[in-house]
Amino acid sequence: MQSILRAEGVISEREQLRSYECDGLMNYRAIPELVVLPESAEQVQQIVKVCYDEGIPFVARGSGTGLSGGALPVESGILIVLSRMRRILEVDIPNQRVVVEPGVVNMWVSQEVADEGYYYAPDPASQIVSSIGGNLAENSGGVHCLKYGFTTNHVMGAEVVLPDASVVNIGGGKAPDAPGYDLLGAFVGSEGTLGIATKITLRIVRMPEAVRTLLAAFRDTEEAGGAVSGIIGNGIVPAAIEMMDTLCIEAVEAAVHPGFPEAGAILIVELDGPEAEVANQFEQTIKVCEENNASEIRIAEDDAQRALFWKGRKAAFAAMGRISNDYYVQDSVVPRTELGSTLKRISELSEEYGLRVANVFHAGDGNLHPLVLYNNEAEGEPERAEKLAGDIVFACLDHGGSLTGEHGIGEDKKKYMPKMFTDEDMNTMQLLRCAFDPHQICNPGKIFPTPRLCGERPGPFRMHPVQEAGLAELF
Amino acid sequence: MDATGTKGSLKDLQRIVGEEHAREATAEDAVGGLTPFFVAEPGSLEETSELMKLASSEGLSVAPRGGGTKMHLGNPPRELDLIVSTARLNEVIEHAPGDQVVRVQAGIKLETLQERLADSNQMLGIDPPEEGATIGGIIAANSSGPRRLRYGTIRDLIIGITVVLADGTVAKAGGKVVKNVAGYDLSKLFTGSLGTLGLIATANFRLHPKPEAARTVVVELSSTEEAGEATQAIIHSQVVASALELHWSEEAKLLAVLIEGIGPSVEAQAETASFLFKPFGETRILSDEEADFLGPLRPFDAPGAENEVTIKLAAPPAELTGVLDSVLEACARRGVTPHAAGHAGTGVTYVALFEGGEDAWVRIIEELREVWTRRGGSLVLLKAPLSIKKRIDTWGLAGDYLGLTRRVKEKFDPRGVLNPGRFLGGI
């Protein structure tokens, strides 16, 4: 590795390796054999070539903000950290595209094109830190994806180093409709298990003519939920529609003081688009909130006030530290119309387990983020919290939902996959894995509870590295 | 094999789908000049799976078929024994208006689905021009229409899928919620796969509210530069256009922008669009009747298209002038009359070729493919007589991803049962 990278690009001291032992989800830790920090696509390719030839498992990592353990290292493997590849390579306004390296931070893209009246739409709460490469791997969402779509709708092309060290360019990039399978669509959101993107072409979006934001307070989440249904039922597609419950409001208030009203639930609704449309639909939104007994409606008068609303919302996870020693962030989805009944079930579960659950979520697309509060020091509480978080996910599946809306399966939820998918479903998905990574050296052991080996053993027989590490069994 | 041979018989098919739902094929069922032996219409997922198991074990080559509107797409198949038609799989499984989500069987026709959704003031945001296309066919062929500018293509709308693989395996991916990152996104992988990875049995989509009002603003153009500049003027403005369509022929050279939404907003934006168009030529707002004829919703139905050649050129949208110039010039040099139309805002241009003869058409296609592949785009042959398809590959050279594409095919359909030869790189 030192012959590929300069000395400072290779970390092998145990103490230094420790900083990379987990990503944003700290429940899982593993110290990799080696951490490497390439600065170019060529270096990534050379590193992967060594891994491929030697059968060494590798894991790619961006800014390390993932919440499902997707960038958890493999102990016997190499961690490839892409944060030194952070150049914006090209801004092409006429074609509404920006080409970046994977380590570029999400927010930088919007900043780069702001003067031209453009922005990059996917906005995960981590956007000031998280990288585009990581966003691509996780198919990150954000508060504004109800209207504008997720990362997968904004990545138009990628140069990818495959696990066999070959390089492919998938997706049309600037031109639409590249002939063939939508390999890019399959690659985005594959949680780093199909290869490493080294160059990414993004679509940028024209800033809207008008933006209006309001905050409405309700007695409880049920009434707030009624308002959400009413807004959507009126044919309005808000740019964002977010809900926080009373526990969450309390925490946020203590942490960043946005001056939120005391309430059982708060909705933040943002509309954007052509002036006349926004004005008309904003009136309707206010009316719907009133009809659903909103106790208070605040309208953001300027950008500063809008920013304050969003500061409160985006600080929600971090703010939990104010009301609890430890918390577990859950991410699951239900059909929007099932929000009310699901929240009721969550509050029942919370009582059963004797643990508090705070709720903050993307109400427009039914993406819940229940925060299970617990004390790590208390006997048995961490285990109870994890079990409660699991039961919440199962409740969501019972209501027709999904295991994860934006945080990914990673290490954390692979055990739950059989609750949502049959063996046939998962085996079929892994056919794709076998096409991209037949030797399963690329982020092995993630997503699927039982990795399917691809039955390809070129050369003399040797035990599969993944099998050797006890991460997979042959079947 | 022959129809009564040892590799399978009509009786075996009928045992699975019922006597009235499997028949011997006729010349009308031919694909790329090859007439299959049988056509079977399964009535359920289980029957579809049984059919595929039978085909796999008997070594039958299978082409899935929906509405049959895209059977001319692709290279002529190397082999074809059985057509599996989704005609009877045509139900809406679930429509949850409050969730803006629908689940359908793949054989439902788009028009039928849109009518159902319209009852709830909703729609699926896709509008390919072919009449009678089914949802499964639209996914498999990655068909799109003018409104892709606003709503994207089918990959952007699909949220879940159930497929039947060549060996009969039934597998699903995604779900019925709009936001979902659990497992690999096989819905997208199957988009544009032209029935070569598996048969699409059901699909789930996110829906959009049906707009209340619409206006089409048109500008008459006189040069290809103006076409490019007028397109740029709209896409960099704050007008939220549903479609931006170009028509370019001897008779008409115009760019039309479709604006949809609520009444007052549509009016205001139509005014803005007129203002933006004005420097480029005579501008007017179309009446509804005119919009049907001239506007972006007019299907690409160049006269005589049945027997002629139609290509799809994909290029970066800012290259529109260059695309038009290259087409006009390549045609003029060979005495061929082109008729172009396209989704100017997204970089898709369709060109139909008239007169000049087959040799000239082949050379034009080769020339344009060479130029635009080099510049990051692609040229796909949409419609052409068999004699031309034998001379030019439908898809052109895939980039560096052909090897990967082949590996995907080998994993999903190792025996090459599905649509052998029709796809990219002879897959």
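The largest nonpolar core holds 278 residues, and A:Ile80, A:Ile266, A:Leu267 and A:Val372 have the most contacts inside it. In soluble globular proteins, nonpolar side chains tend to be buried together. The model is predicted, and local features need pLDDT of at least 70, side-chain atom pairs count only at pLDDT 80 or more, and totals for chains, interfaces and linings use all residues. Residues are numbered from 1 along each chain as its sequence is written, while chains are lettered from A and ligands numbered from 1 in the order in which they are written.

Two residues are taken to be in contact if their C-beta atoms, placed from the backbone, lie within 7 Å.

Turning to the chains one by one, chain A contains 16 helices and 19 strands; these are DSSP runs numbered from the N terminus, with helices (H or I) of at least four residues and strands (E) of at least two. The radius of gyration of chain A is 23 Å, close to the 23 Å that the globule rule gives for 475 residues, so chain A is as compact as a globular protein of that length. That radius is taken over C-alpha atoms, and the globule rule is 2.2 Å times the number of residues to the power 0.38. Of the 475 residues in chain A, 59% are buried, and 71% of the contacts between residues at least 6 apart in sequence join residues at least 24 apart.

Chain A is assigned domain 1 (88–206) and domain 2 (210–398), with bounds that come from an automatic or database domain assignment. The centres of these two domains, taken over C-alpha atoms, are separated by 28 Å. Six residues of domain 1 of chain A are in contact with 13 residues of domain 2 of chain A. On the domain 1 side, the touching residues are three nonpolar, two polar and one charged. In this grouping, Ala, Val, Leu, Ile, Met, Phe, Trp, Tyr, Cys and Pro count as nonpolar, Asp, Glu, Lys and Arg as charged, and the others, Gly among them, as polar.

Chain B has 14 helices and 19 strands. Its radius of gyration is 22 Å, close to the 22 Å that the globule rule gives for 427 residues, so chain B is as compact as a globular protein of that length. Buried residues account for 57% of the 427 residues of chain B. The domain assignment of chain B gives domain 1 (10–87), domain 2 (92–209), domain 3 (213–294) and domain 4 (309–389).

The two chains meet where 69 residues of chain B are in contact with 71 residues of chain A. H14(B) gives the most to the chain B side of this contact, with six residues. By class, the chain B side divides into 32 nonpolar, 26 polar and eleven charged residues.

Helix H15 of chain A (residues 423–436) is involved with both chains. Its 14 residues should span 20 Å at 1.5 Å a residue, and its end C-alpha atoms are 20 Å apart, which agrees; the expected span is 1.5 Å times one less than the number of residues. Eleven of the 14 residues of H15(A) are buried, so this helix is largely enclosed by the rest of the structure. Among the buried ones are A:Met426, A:Leu431 and A:Phe436. Their cover includes helix H6 (183–187) and helix H14 (417–420) of chain A together with E9, H7 and H14 of chain B.

B:Thr346 lies in the loop between strand E17 (337–343) and strand E18 (348–354) of chain B. B:Thr346 is buried, with 21 other C-beta atoms within 10 Å. Apart from residues up to four places away in sequence, B:Thr346 touches A:Pro176, B:Arg148, B:Leu149 and B:Pro317.

Most residues other than glycine have a negative phi. A:His257, although not a glycine, has a positive phi of about 45°, and with 11 C-beta neighbours inside 10 Å A:His257 counts as exposed. B:Asn419, also not a glycine, has a positive phi of about 50°; B:Asn419 counts as buried, with 26 C-beta neighbours inside 10 Å.

Key:
A nonpolar core is a set of buried Ala, Val, Leu, Ile, Met, Phe, Trp, Tyr and Cys residues joined through C-beta atoms within 7 Å. A residue is buried if 20 or more other C-beta atoms lie within 10 Å of its own, exposed if 12 or fewer, and partly exposed in between; C-beta atoms are placed from the backbone.
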